[in-house]
Amino acid sequence: MINSISELLPRLETGDRSVVCSGFSGSDRAYLLQQIYQKTPRQMLVVTPTNKEAERIAEDLTFFNSSQKAPILLFPAYNILPFKLMAYNSETVARRILALHQILSERTPVIVVTPVEALLQKIIPKEEMVAFAELLLVGEETDRDQLVTKLESGGYERAILVEEPGDYAIRGSILDIFTPSYPQPLRAEFFGDMLDSLRFFSPVDQRQIDSANEAVVLPAKEIILHDGQLDDIVYRLRNRASELGLPVTQVRSLVEQIRQQHGFAGIESLISIIYDELDQLTDYLGENPLIVISDRGQVEKAALEFEDLCSANYAASKADAKLCVSPDQLYADWSGTQAAIEDRHPLYFQLL
């Protein structure tokens with residue numbers, strides 16, 4: 001049992017066993033984590049029971065790290081459980097995609113804060129995320145039509161005006177993109193095949209905010225549907241519908257949307273049909289991150305309650321004859337995840 005910073009740091013540096021830390025609560029924990037990071041900078045994954053707690057710790061860490069400028073990333077859970085085939089909140093999706101990209105691209109070790117629900121979720125393979133990222137450079141030749149095709153494969157939707165993450169619009173030589181990479185949408189103006197300028201603008205009044213010489217475009221969803229893979233995806237989707245005993249006519253609309261629109265609302269709930277293998281958040285991190293469990297008892301309780309909720313929702317979806325995949329294809333089980341965490345010798349916070 002560790003009760004002071006002076007006792008804690010030497011134990012963490014050896015990294016040969018788990019550490020239980022008591023006597024810290026609220027912002028004290030964020031201050032302690034900032035001290036640990038300052039002494040031994042390394043990637044850190046902080047796991048909380050809820051989204052709200054993750055947001056609070058991320059805010060506290062940002063406050064205490066204001067002078068050090070360590071990358072503090074919040075990787076939130078979705079606000080909608082799978083099995084619903086409902087559109088996820090675009091801002092939540094954008095925040096998750098940006099966090100994944102920053103984990104892979106930041107040279108400085110990052111601190112990632114996430115609720116246990118998001119930790120358990122299986123996500124897009126990191127190779128897909130890396131392969132999609134598109135660097136736009138002013139003054140270079142860029143095939144705009146090919147770029148638009150790529151945007152649609154990454155879940156972007158065409159709009160008259162770009163107003164929220166995942167929108168894109170075309171007006172003459174101008175291509176507007178609201179990519180998760182930035183808080184404002186991007187306006188790319190072409191002169192023939194040449195990218196002539198890049199500007200950020202306000203989605204409210206469409207006025208220019210700033211200009212740039214380069215920009216990175218990320219996918220708008222955590223699923224990328226390549227044209228060459230659509231036949232295989234449709235085949236798997238129809239097979240799953242057959243396994244559930246669903247009539248062919250019921251999935252016809254979904255198949256048409258995949259072929260014509262590269263997806264539909266809530267397609268992330270079928271991610272295991274899209275990819276043969278999926279990653280978890282820990283796969284995006286380096287080999288030796290410091291894993292921190294913000295409240296040992298509450299995190300475990302939240303994880304087990306979430307597993308029960310997933311099972312209940314899956315059963316309800318099957319009973320309602322809805323297209324869905326089993327929870328084990330979308331989430332890792334808590335017992336296995338807990339064992340993997342323990343193997344990495346985490347830091348546990350717990351109440352006295």
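Predicted model: local features only at pLDDT ≥ 70, side-chain atom pairs only at ≥ 80, totals over all residues.

Biologist: Okay, where does R29 lie?

Modeller: R29 is part of helix 2, which covers residues 27–39.

Biologist: And is R29 buried or exposed?

Modeller: R29 is buried, and it has no salt bridge. The nearest side chain of opposite charge belongs to D295, 4.4 Å away.

Biologist: What does R29 touch?

Modeller: Setting aside residues up to four places away in sequence, R29 touches F24, S294, D295, F349, Q350 and L351.

Biologist: Let's switch to strands. Which strand pairs with strand 1?

Modeller: Strand 14 (residues 347–350) does, in the parallel sense, and four bridges join it to strand 1 (residues 19–22). For example, V19 has L347 as its bridge partner.

Biologist: How many bridges join strand 13 to strand 14?

Modeller: Two, and those strands run parallel. Strand 13 spans residues 290–293, and I293 stands opposite Y348 of strand 14.

Biologist: New topic: where is G263?

Modeller: G263 is in the loop between helix 9 (248–261) and helix 10 (271–274).

Biologist: Why does G263 count as buried?

Modeller: Because its relative accessibility is 6%, and buried means under 20%. Leaving aside neighbours within four places in sequence, G263 is in contact with L225, Q257 and I258.

Biologist: Now the rings. How many aromatic pairs are there?

Modeller: The count comes to six. One of them is F63 with F64, an edge-to-face pair with 5.2 Å centre to centre and 70° between the planes. F63 counts as exposed because its relative accessibility is 60%, while F64 is partly exposed at 23%.

Biologist: Why is the pair of Y182 and F200 edge-to-face?

Modeller: Their planes are at 65°, and over 60 counts as edge-to-face. The ring centres are 4.9 Å apart. This pair links distant parts of the chain, 18 residues apart: Y182 is in the loop between strand 8 (174–177) and strand 9 (186–191), and F200 is in strand 10 (residues 194–201).

Biologist: Which residues form one aromatic cluster?

Modeller: Y31, F63 and F64 do.

Biologist: Last one: what sits over the ring of Y78?

Modeller: The charged end of R96, 4.1 Å from the ring centre. There's also R187, which lies over the face of F201 at 4.0 Å from the ring centre.

Definitions and conventions:
Residues numbered from 1 in each chain as written. Heavy atoms only, no water. Buried < 20%, exposed > 50% of the residue type's maximum accessible area, 1.4 Å probe, protein only. Lys, Arg positive; Asp, Glu negative; His and termini not counted. Salt bridge = Lys/Arg side-chain N within 4 Å of Asp/Glu carboxyl O. Contact = heavy atoms within 4.5 Å. Pairing = 2+ DSSP bridges. Phe/Tyr/Trp six-rings, centres within 6.5 Å; stacked < 30°, edge-to-face > 60°. Lys NZ or Arg CZ within 6 Å of the ring centre and 35° of its normal.
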